[in-house]
Amino acid sequence: MPLTDPYDDHLPLEGSSTAAPGAGGDLGAGAPEAARPDPGVPPDVGPPSVDAGPPDVDPEPAAGAAAAGADDVDADPSGGGTTDADAAETALPEPEPVLPEPVRQRIVALTAAVLPGLPADEVPVPLRRVAKFAPNRRARLGGSVIAAQLTADPLFRQRVTARVLTDAGDLGAAVVEGTAPAAADPVEVAALAYLVRPRGWRELIDASGAAVRAEADSAVVAELVREAEQRATRAEHDRAVARVEADKLRDELARVREELGQLREENRQLQRGLRETQARERRANELLATERGRAARAAADSDAELRRARARLAEAEAAAGVARASAKEARSVDDARLWLLLETIGQAAVGLRRELALDPVDKLPADFVADAFTDAPAAAQGGPAARARDTDDPARLDQLLALPRAHLVVDGYNVTKRGFGEMSLEQQRKRLITGLGGIAAQTGDEVTVVFDGAERMHGLPPTPRGVRVLFSRKGETADELIRRLVRAEPPGRPVVVVSSDREVADGVRRHGAYPLGADSLLRRLARS
């Protein structure tokens, strides 16, 4: 078959159909010319079917045969030539071969690839818009239109074949000769055979289909083998995992059985303990009932005893009322006796003062000690221990100062250094003397405060009324001066010495004075 044919009046014009009536318009399925897609609308439909098609009719032989037949009929009308019925039987189209899907797609791809290279007047009208598509969209969107034109337009197929053979090279030449290289792709050979249509092209297409089907079957078999191998591998893996899990489960079962044995043993021990606990609970309930009975009896006895105690209490309260009345009466008698005794003592003292004719004195014994600072005789000091009493009670100072004509002697620095030693000596003396002035004003007692010092210091504040301030001489301590003041007092007069010095307290106690600690005076000053 020539690659290109000259223009022939018997060939159909571009844009018209040359297929016989009833012939198909696709590579594998019959379709009339009226069913062609509109060239103005892009073909968006899928790939066409490849089941059947119009017969392969070479337009030039067919036209020549038809003309010859017509001439024969016209020349010999009596029946020497071919009749119309015989011509119709001779011109019956052969059906299009059933193309495998890969072959059909390859034919459409080859046509779509050469379509833009054809001159515009050689491109059928339905394909002119498809030729303008992008290469990747041309075969996908215009496949059905391309297949229909290849089936219905032999001239267009020949033009496409010429360009495809040019690109195919040696393989195309081999296909034109009706042979196919053994190493060639069967799909490519079938596609070229369909376009070129040499002698035996249907056998080439059938062989290609068989090869494609064999490859597909081989691929299916390989896939099935691969899946079987994968399933076998998974089964082996699952079997190994199952063995490992079975080993784990056996170990777990052994451990659970061991724990079950331990739990059973613990359960037996707990049941035994529960029975013992229940027995102890029963015994405890019995003891509780017994104790409740005893408690009820004890409560009854207590109520009876309480009633008896209340009766005795009522009797005691009545007796106490009688005793209070009797005591009140006895106290009234004692008060009368005491008043009479005091009255007698007072009248006796007045008589004694009148009998002795004693005049009021201007000086007290301590004044003589302050003036003379000489040793005074300690005669007539019998019985001092009878009135000396040792006590640390802070209230004792108030009790002693409440005695008539009491004399308070204070060891000055001993008290100030204990109470407010952070001050200077001058401030200590001033604070102590001021506080003692308040005590003298409140009680009316005689107050003497003694400080260590070689001579009388100047710049002292004015001495409050009732307070005497003394400083020891050179070579003499305040402790010795305090003992001298105590010895100068007459027996029987209450003398209170405030000092925390144990030696001073012991010395004045031997002479009948009342020694008290410095804290008692400090608390008394703080309260004032």
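Visitor: How many bridges join strand β1 to β2, and which way do they run?
Guide: Five bridges join β1 (residues 407–411) to β2, and the two run parallel. This is a predicted model.

Visitor: Which residue is the partner of L408 there?
Guide: V447 in β2 is the bridge partner of L408.

Visitor: And what about β2 and β3?
Guide: Five bridges join β2 to β3 (residues 467–471), again as a parallel pair. In that pairing, V450 stands opposite L470 of β3.

Visitor: Is β2 buried or exposed?
Guide: Buried. Six of the six residues of β2 (residues 446–451) are buried, so the strand is largely enclosed by the rest of the structure.

Visitor: Which residues cover each side?
Guide: E446, T448 and V450 lie on one side. V447, V449 and F451 lie on the other. Both faces are covered.

Visitor: Switching to helices. Why is α6 described as largely enclosed?
Guide: Because 10 of the 10 residues of α6 (residues 143–152) are buried. Among them are G143, Q149 and T151.

Visitor: What do the buried residues of α6 pack against?
Guide: They pack against α3 (101–114), α4 (125–128), α5 (135–141), α7 (154–168) and α9 (186–196).

Visitor: Zooming out, how many helices and strands are in the chain?
Guide: The protein chain has 17 helices and five strands. Of its 528 residues, 32% count as buried.

Visitor: What about the accessible surface?
Guide: The accessible surface comes to about 32400 Å², and 56% of that belongs to carbon and sulfur atoms.

Visitor: And contacts between residues at least 6 apart in sequence?
Guide: Of those contacts, 66% join residues at least 24 apart.

Key: Residues numbered from 1 in each chain as written. Predicted model: local features only at pLDDT ≥ 70, side-chain atom pairs only at ≥ 80, totals over all residues. Heavy atoms only, no water. Helix = DSSP H or I, 4+ residues; strand = E, 2+ residues; numbered from the N terminus. Buried < 20%, exposed > 50% of the residue type's maximum accessible area, 1.4 Å probe, protein only. Contact = heavy atoms within 4.5 Å. Areas by Shrake-Rupley, 256 points an atom, 1.4 Å probe, with all protein chains shown as cover. Pairing = 2+ DSSP bridges.
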